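Biologist: Please show me the chain and its model, and then I will ask about it piece by piece.

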Amino acid sequence: MQTLTCENIVRKMGDDFTLGPINLEIPAGTITALIGNNGAGKTTLFEAWSGDYPGEGETNILGYNIHDVKAKAAFSYVPQTFPEVLPFRLQQLRDLHAAHDDSWQEDRFQAFVREFKLPLRKRISKLSVGMQRKAVIALQISRDTSFLLLDEPFAGLDMEGQTQLEKILIRKMEEDPDCSIVFATHIADEVQRLADYIVIMKHGKTREAIEKDILAQQFKRIWLANSVTGVEEAPGIQEVSVEGTPPQILTSDAEATEEWLADRGVQIMKRESLSLHESLPLMLSDEETREV
């Protein structure tokens, strides 16, 4: 079952930036990290998915078009910025949700208030950046929805807040096996801790989602018994270092690279999978992004 599907999403931002076209599916029961450098289009894509600024194309959540009231009720969205809530007190926002939102879970909200130590009667604008984000997270995750759309959710949180949020998201997935979470980030540690799938975004385009664990199989550092003429042309090669002993190569397609080496009788001394800290920057720096 797919929680979210989008087809041919395009959104033009003046003459300088165009999002898409983007076609993606987010399966139920998964956590997906949307990865991209600043300006890649992550927030713009989230705005399109949420229906705030849809642009062209179609987005469906749990089978409902994003403009349908059933789709709106099916997901919780924590944007990167939230100026519309700043003038209000958290108690006022709680009262609004409790009166008009059928998905509202009061017990859950009160638990978040205690866990985050949130002041109910202080204006959101008077809170620290981290506490503002905690307040919005508490409001949105207190809604009983099966899809969470979180734009840089850990930004501005202190270490305690990051740990609390991570536990909340994991608990949400445990309690609702059909829940899906998509969060935007450019921090490798966040991806390592939470994500099942990774979607790379660059210049408004996306790559097809890839399982996080597959990256360890694809991205490897390989030590060779001796230098090889033309190894720079081998498939998947990202870096070649012949200064050390033995020489090293770094590849994003270990299987294809090793086949190329085997065809030439090159002996491999050692191989080592790259960490996400090493592999994600390489993916983001690729000259071309495969559009999907």
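Biologist: How many salt bridges does the structure hold?

Modeller: The model is a predicted one. Side chains of opposite charge can pair when their charged atoms come close. In this structure the number of salt bridges is nine.

Biologist: Which residue forms a salt bridge with Arg 193, and how far apart are the closest N and O atoms?

Modeller: The pair links distant parts of the chain, 27 residues apart. Arg 193 belongs to helix α7 (residues 188-194), and its partner belongs to helix α6 (residues 159-175). The partner is Glu 166, and the closest N and O atoms are 2.7 Å apart.

Biologist: Is Glu 166 buried or exposed?

Modeller: Buried means under 20% relative accessible area. Glu 166 has 18% relative accessibility, so Glu 166 counts as buried.

Biologist: Which residue forms a salt bridge with Glu 278?

Modeller: Glu 278 lies in helix α10 (residues 276-284) and its partner in strand β12 (residues 220-224), so the pair ties together parts that are 57 residues apart in sequence. The closest N and O atoms are 3.1 Å apart, and the partner is Arg 221.

Biologist: Where does Arg 271 lie, and how far apart are the closest N and O atoms in its salt bridge with Glu 258?

Modeller: Glu 258 lies in helix α9 and Arg 271 in strand β15 (residues 268-273), so this pair ties together parts that are 13 residues apart in sequence. Arg 271 is partly exposed, with a relative accessible area of 43%. The closest N and O atoms of the pair are 2.9 Å apart.

Biologist: Where is the patch of negative charge, and which residues gather in it?

Modeller: The patch is on the surface. One of its residues, Asp 253, is found in the loop between β14 (248-251) and α9 (254-263). Asp 253 is partly exposed, with a relative accessible area of 34%, and a patch takes residues with over 30%. The residues that gather there are Asp 253, Glu 255, Glu 259 and Asp 263.

Biologist: Is Thr 257 buried or exposed?

Modeller: Thr 257 lies in helix α9. Its C-alpha atom is separated by 9.2 Å from that of Val 231, 26 residues apart along the chain. At 0% relative accessibility, Thr 257 counts as buried.

Biologist: Which residues make the nonpolar surface patch of about 300 Å²?

Modeller: One of them, Met 1, is found in the segment before β1 (2-13) and counts as exposed at 65% relative accessibility. Another, Leu 62, counts as partly exposed at 33%. The patch is made by Met 1, Leu 62 and Tyr 64.

Biologist: What is the phi of Leu 62?

Modeller: Most residues other than glycine have a negative phi. Leu 62 lies in the loop between β4 (56-61) and β5 (64-65). Although Leu 62 is not a glycine, its phi is positive, at about 55 degrees.

Biologist: Where does His 203 lie, and what is its phi?

Modeller: His 203 lies in the loop between β9 (197-202) and β10 (205-206). At 58% relative accessibility, His 203 counts as exposed. His 203 is a residue other than glycine with a positive phi, near 55 degrees.

Biologist: Into which domains is the chain divided, and what distance separates their centres?

Modeller: The chain has ten helices and 15 strands. It is divided into domain 1 (2-212) and domain 2 (220-273). Taken over C-alpha atoms, the centres of domain 1 and domain 2 are separated by 41 Å.

Biologist: What percentage of the residues count as buried?

Modeller: The C-alpha trace spans about 70 × 40 × 35 Å along its principal axes. The protein chain has 292 residues, and the share that count as buried is 49%.

How values were computed:
Residues numbered from 1 in each chain as written. Predicted model: local features only at pLDDT ≥ 70, side-chain atom pairs only at ≥ 80, totals over all residues. Heavy atoms only, no water. Patch = residues over 30% accessible without salt bridge, like charges linked within 9 Å, V, L, I, M, F, W, Y side chains within 5 Å. Areas by Shrake-Rupley, 256 points an atom, 1.4 Å probe, with all protein chains shown as cover. Salt bridge = Lys/Arg side-chain N within 4 Å of Asp/Glu carboxyl O. Lys, Arg positive; Asp, Glu negative; His and termini not counted. Charge placed at Lys NZ, Arg CZ, Asp CG, Glu CD. Helix = DSSP H or I, 4+ residues; strand = E, 2+ residues; numbered from the N terminus. Buried < 20%, exposed > 50% of the residue type's maximum accessible area, 1.4 Å probe, protein only. Domains from an automatic or database assignment.
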